[in-house]
Protein chains: 2
Amino acid sequence: MTDRKMLRVLAGERVDPPPVWIMRQAGRYLPEYRQLRTKAKDFMDFCYTPELATEAVLQPLRRFDLDAAILFSDILVIPDALGHRVWFVEGEGPRLDPLLDRESWTYGDPDQVVARLAPVYETVSRVRAAISDSTTLIGFAGGPWTVATYMIQGEGGDKDRCRRAAYARPADVDALLAVLVEATAQHLAAQVAAGADCLQIFESWSEGLPESLFERVIIRPTQALVARLKALGVTVPVIGFPRGAGALFGRYAQETGVAAVGVDTQTPAAFARREAPAGMALQGNLDPQLLICGGEALDAGVREVLAAFKGSPHIFNLGHGITPQAPPESLARVVELIRRGGD
Amino acid sequence: MTDRKMLRVLAGERVDPPPVWIMRQAGRYLPEYRQLRTKAKDFMDFCYTPELATEAVLQPLRRFDLDAAILFSDILVIPDALGHRVWFVEGEGPRLDPLLDRESWTYGDPDQVVARLAPVYETVSRVRAAISDSTTLIGFAGGPWTVATYMIQGEGGDKDRCRRAAYARPADVDALLAVLVEATAQHLAAQVAAGADCLQIFESWSEGLPESLFERVIIRPTQALVARLKALGVTVPVIGFPRGAGALFGRYAQETGVAAVGVDTQTPAAFARREAPAGMALQGNLDPQLLICGGEALDAGVREVLAAFKGSPHIFNLGHGITPQAPPESLARVVELIRRGGD
């Protein structure tokens, strides 16, 4: 395990140059991914077909010298496995039957999730068997609040209705979060059992919450999730990524129990360093838009990130997922620059 | 002037209970506003008709015991006065002819702005004559970056294209910001000459920027704007509102030269206090969604904000504009609770 550079960093070691992986590295910016995608009847089917999902994971590793593979799946497999059906509207994103339209909120038993998501764990095993011993394999899930927002309003976009639900129907929202914590813990533990080396919790909708609500719907459920993972015997490091947490980044890093924290584009490295516990690994945070620009702006951005996180444990990544418009050559350039220490 | 409570707070005095005004207090949540709106042929015409705009300012003051009136206008009068025509698509928001579609970026002379916006200053004078001596009159403009984003991409929404422009066409973007700084300074100075007691700069799109870009497109232009206002002889206090600045809130408060700073919903009062210069007045930051919820959740939210900002100069406000769905009764309740110190 110790030759997996990313795991050494997650354990608190500074490694130069830093290991690198890219959020959504298996994604639409790759022509071979777009080709592969046509083989599944829909996006959820893609996620649930181990042969296709494994191939999606491996595609970016063939092109780029990356330190980690990440499971190809979706944060919405949890509601789907809870019987809250998920579908994708082409070019718009996921849709669910919104809880807001229902008088009483019900969903399936979290204990059924692992049985229903068996194909996902098979993908994890296949990937582990296919990648090199020095490559870290990341399992993941959405954060409880982020997944809840899709279930509550039935789609992405602005989260005003979810905040209102949290204020006006506190018991319903808290019960939903508790179900998601349990289902997510079991789902993540099963990924580790299948071979994941570490885990990332994507709390992609951490923004816009007053502090008391942030504490209630982000910090406490994440604490419960991390504690439940421990109770389930999971010992691998957990990276929390509270995208948009802003001034509340420090509370997330200090209080949730995660081992490392992802830093979004607008959170300065120095601020993250100051606010996170001493020695905690930080991951991030190049602006994904720079990969579309390329050229001198991209090079300068990579150097800026390398310099900003220098001297403490760092995993290079973007501050948000890579976009479909990014040319693959830009990612090749990023990895090349990192390997050369920015020179 | 000293009986204007809000001005005392802006000068650094703690006043109990705190003065209160509400962003978008003249707005669609008021039935009389929706009625008034029908008298103008379009939204820009509404802004440019002193009789109608004055009435819009006065409507909320008749209903609620507010400490301040704010000019009724729009942040996009600046591009409009620069000859970059603005129109509104019903239910969607403003539209401009996007600079991104043009090979070379040109616009009118900032020196023509004040002449073209004469009706706006007439509104300021009419309002000052109509309101009580104890009511503070706030003039405003959009922050240079926020106005630039609308001009660059032609609409609101996600700002990815604007960030790319800032990276890929730095000279064009910086030249645009410089024009906006000059035009905005002249526009704000004219509002003060017409009777505004203080000014607010709405930097509504401060979010999502890496620190170096935040420094370049938000901090430096705002510094230049505040300095230019001084050079034009403006001595009234300027409130900066960097919505979404997150971890960068402190740099905005410390470095731009503003006299006071607006705090958005997700920025905790204690964080804002710690990051802003000692004694600087803070304004905010109730979640606007609570006004839609009403009831116990609203009362608890108001008490939380009062308690969080207690002990230092505070102007009560929302953390973002009031929404069209908010019942006016909720705002009446907010003001009542504040006047009673939360009891």
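**Close-ups of a predicted two-chain model**

**View 1. Chain A as a whole.** For its 343 residues, a compact globule would have a radius of gyration near 20 Å, and chain A agrees with 19 Å (taken over C-alpha atoms; the globule rule is 2.2 Å times the number of residues to the power 0.38). This is a predicted model, where local features need pLDDT of at least 70 and side-chain atom pairs count only at pLDDT 80 or more, while totals for chains, interfaces and linings use all residues. Residues are numbered from 1 along each chain as its sequence is written, and chains are lettered from A in the order in which they are written. The C-alpha trace of chain A spans about 60 × 45 × 40 Å along its principal axes.

**View 2. Around A:Ala141.** This alanine is found in strand β4, residues 136-142 of chain A (strands are DSSP runs of E, at least two residues; helices are H or I, at least four; both numbered from the N terminus). A:Ala141 counts as buried because it has 25 C-beta neighbours inside 10 Å (the cut-off is 20 or more other C-beta atoms, placed from the backbone, within 10 Å). Leaving out residues up to four places away in sequence, A:Ala141 touches A:Ile75, A:Ile78, A:Thr184, A:His187, A:Leu188 and A:Ile201 (contact is C-beta atoms, placed from the backbone, within 7 Å).

**View 3. Where chain B meets chain A.** The contact takes 27 residues from each of chains A and B. On the chain B side, α9(B) gives the most, with five residues.

Technical notes: A residue is buried if 20 or more other C-beta atoms lie within 10 Å of its own, exposed if 12 or fewer, and partly exposed in between; C-beta atoms are placed from the backbone. Two residues are in contact if their C-beta atoms, placed from the backbone, lie within 7 Å.
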